[in-house]
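I opened this notebook to keep track of what I looked up, entry by entry, before moving on to anything else.

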Amino acid sequence: MNKVLIKNGTLILPQSKRTIEADVLIDDGVIVQIEPGINDGKAERINASGYLVGPGFINLHVHFREPGEEKKEDLFSGSRAAVKGGFTSVLCMPNTRPPIDSPLLISYLLSRAREVGLVNVFSAATISLGLEGKAMTDLGLLINAGAKALSDDGKCVKDSRLLYLLMTYSRYFHLPIILHEEDIDIAGEGQVNEGSMAVKMGYRSLPKVAEDSMIARDLVLAHSTGATVHFTHLSTALSVKLIEWFQNQGAKVTADVTPHHLLLDDQSIIQYGSRAKVKPPLRDQTDIVALKEGIQRGVIGILASDHAPHTNEDKEGDFNEAAFGISNLEITVPLYVKALIDDQSISWLDFWKLLSFNPAQFLGLTKKGSLEIGMDADIAIIDPETHHEVKVNEFVSKGKNCPFDGWQLKGWPVTTIVNGKILMRHSKLEA
Amino acid sequence: MKWKHKHLLGIDQLSGEEIRFLLEKGNQYREWLEQSPKKLTRLSGYCLINLFFEASTRTRVSFEMAGKLLGMEVVNFTNELSSLNKGESFRDTVRTLARMKVDALVIRHRSSGIPLYISQFLPFHIINAGDGMREHPTQALLDLLTMKRDGIDFTRNTVAIIGDILHSRVARSLSIGLKKLGSQVIFSGPPTLIPKGIEVLEGQVVYPVEEAIRQADVVYLLRIQKERQEAGFFPSAKEYASFFGLKEKPKGPDGRWKKIMHPGPVNRGLEIDSSLVEKENSLIEEQVSCGLAIRMAVLETLILGGANG
């Protein structure tokens, strides 16, 4: 297999908390040399001068919609969007049609992913059979078939006893549980954040208490059972406080956010309409500030996407009927640059830790998430300075449902290498 | 020895010395069972009533046979035929039976603590044949007798009890008995079926099951009730069999097969692979014979006060 030599980049090494100027040599899909001034006549050269080079980004929350909703996205279009976004590994949520709730289905999905063969596609399996929230899936057999986590994402697990038993049982298998938190009895048919916007627009509301009360319940369950529990797409200030308190008690709980919950508040509904309709709903400025502080303090250890592609038909027309979700995988990185680097909330080292090192640890990917000799050659190179306009109609994702169209962003991925293969070179997809 | 207990309510009330005494007597009866025809008159004229409020085959038949082999009059009483179904209270039913002037009563009931409760007002010997999730002392004694007869030295012995510890009176009685004889006890199984507070039984919880088996000399598998799956403690029979069931003969570092035990009835293919039940290292069938012997020993000891030992 051919060699690749990345020249003159600024290397971000999140595991050793260092930034160095050096070259990286890849051979046969593995990082074999990291030092300044490497020369290798047989290697294909990538000039990374002026760019940041780090381990490929790992996304803990994407919807690739396969099987069943290929109109919205499929493994191929989703994988290409990942490559464009600098993501070398993704974790697909299992709320497909049918849901990924059996070893047979997970085997099928992973074999489809190997066929597509672009980025590393991992999948969660559902917590409950058929996503019905009643009986737990065969999680041991699901792990053996390749599941990396459990989640009923898209739905909240309402049955406390199911979750209590699941958390207790999951300890045997060391499998993390990813929770979408929303008390549906409170949230009901809600559309937007509870507050002045909901009143003004006349939309039914999704109160913060629907999210916070479930997070509180499940923090208690996680602490009591000793399970590894991850709260995805946090949106409220109180949830950050609750999680931090339980983390300090020793609970094995972690959390992620999405870029849109850091960049938009509920006022965005006026400008963007249903393109800004998402679950959890966009909240207030006070929540945005609290989420950012949570990231700085390490309470929120992972930056994810909740990439939720939909067809235009799903998003058009009646706001109340429009689907929830934002397609953002290929701009997640520049969005986080805007949200967290531009205002100096975090450093580039932290950025890579939150987008690569920590998610790799979470998924137990020991050969990923670090730029080290012997690691898999999954690499993202980004241009930290040049601004480009977001053009949603140029998305390779099938989902064009995105409020960030026309935004000027910097920090775009320019080159993406997966297992030693160059899949995007100088902003051109080769996949 | 002079036997000081009127009842057998649990293993917890017995000392190590008393357990060893019953095992010795049980051992003698186990030897005696090999002859045919067999009939003793030691307890001739005494009357035994079997009071089973919960389904049971082997325990009830075992007590019935034990009584008859010792010459006792035995009456069986099962819940379906009782006046309890006519609205009579449990206390009244039991008091009515007391007026029949029997000598010993064997009781099984789904509520923990029932044998202790009735022992407080009934004038004859009470033998606990399993109460809820608390104790099943004759099961523990028969298990210990089986181990003893297999040549196991209790002071250098580790037993891994695997499966539904949470609901199991067998696990409780057996682990208590083993500790009193100096053995080590390990618990393993789905974490949902291993209760918080298990430290009180002085066993060690070891995960995964493979590691628990590796550390053990005897592998004791508990019966998994179908309703535990329905109640959500584990996802499916297939998953249980894959991760918590015994699939191959466990081998020790010295190359010898470890012994397999099970209180029965066995769910073949669930807690134990069907092919292992009748293998030469399985003590499962011998447990049944020891059950009869130990129940003879218990009846004789309680009624005659151990004098005949």
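This is a predicted model: local features need pLDDT of at least 70, side-chain atom pairs count only at pLDDT 80 or more; totals for chains, interfaces and linings use all residues.

The entries below cover a sheet, a helix pair and a chain contact, in that order.

I began with the strand order in chain B and found an open sheet of four strands, arranged β2-β1-β3-β4, with parallel pairing. Since β2 and β4 (125–131) of chain B each have a single partner strand, they stand at the edges, so one side of each is left without a neighbour in the sheet. I also looked up the twist, which averages 15° from one strand to the next.

**Entry 2, the strand pairs.** I then went through two of the pairings, starting with β1 (residues 47–52) and β2 (residues 73–78) of chain B, which run parallel and are joined by six bridges. In this pair I picked out Phe52(B), whose bridge partner in β2(B) is Thr78(B). For β3 (residues 104–109) of chain B and β4(B) I found parallel pairing over five bridges, and here Ala104(B) has His125(B) of β4(B) as its bridge partner.

Next I turned to helix α2 (residues 58–69) and helix α10 (residues 284–304), both of chain B, whose axes come within 8 Å and cross at roughly 50°. The two helices α2(B) and α10(B) are therefore oblique to each other, and I noted their crossing as right-handed. On the α2(B) side the contact includes Phe63(B), Met65(B) and Leu69(B), together with Arg58(B), while on the α10(B) side it includes Val288(B), Leu292(B), Met296(B) and Arg295(B). Sorting the residues of this contact of α2(B) with α10(B) by class, I got eight nonpolar, three polar and two charged.

How many residues of chain A are in contact with chain B? I wrote down 14 residues of chain A, in contact with 14 residues of chain B. On the chain A side, the elements that give two or more residues are α3 (139–145) and α4 (160–170), and the largest share, five residues, comes from α4(A).

How values were computed: Residues are numbered from 1 along each chain as its sequence is written. Chains are lettered from A and ligands numbered from 1 in the order in which they are written. Axes are lines fitted to C-alpha atoms, for helices over the stretch in contact, and angles run from 0 to 180 degrees between N-to-C directions. Angles under 35 degrees count as roughly parallel, over 145 as roughly antiparallel, 65 to 115 as roughly perpendicular and the rest as oblique. A crossing is left-handed if the near helix is turned anticlockwise from the far one by less than a right angle, and right-handed if clockwise. Two residues are in contact if their C-beta atoms, placed from the backbone, lie within 7 Å. Ala, Val, Leu, Ile, Met, Phe, Trp, Tyr, Cys and Pro count as nonpolar, Asp, Glu, Lys and Arg as charged, and the others, Gly among them, as polar. Two strands pair if DSSP finds at least two bridges between them.
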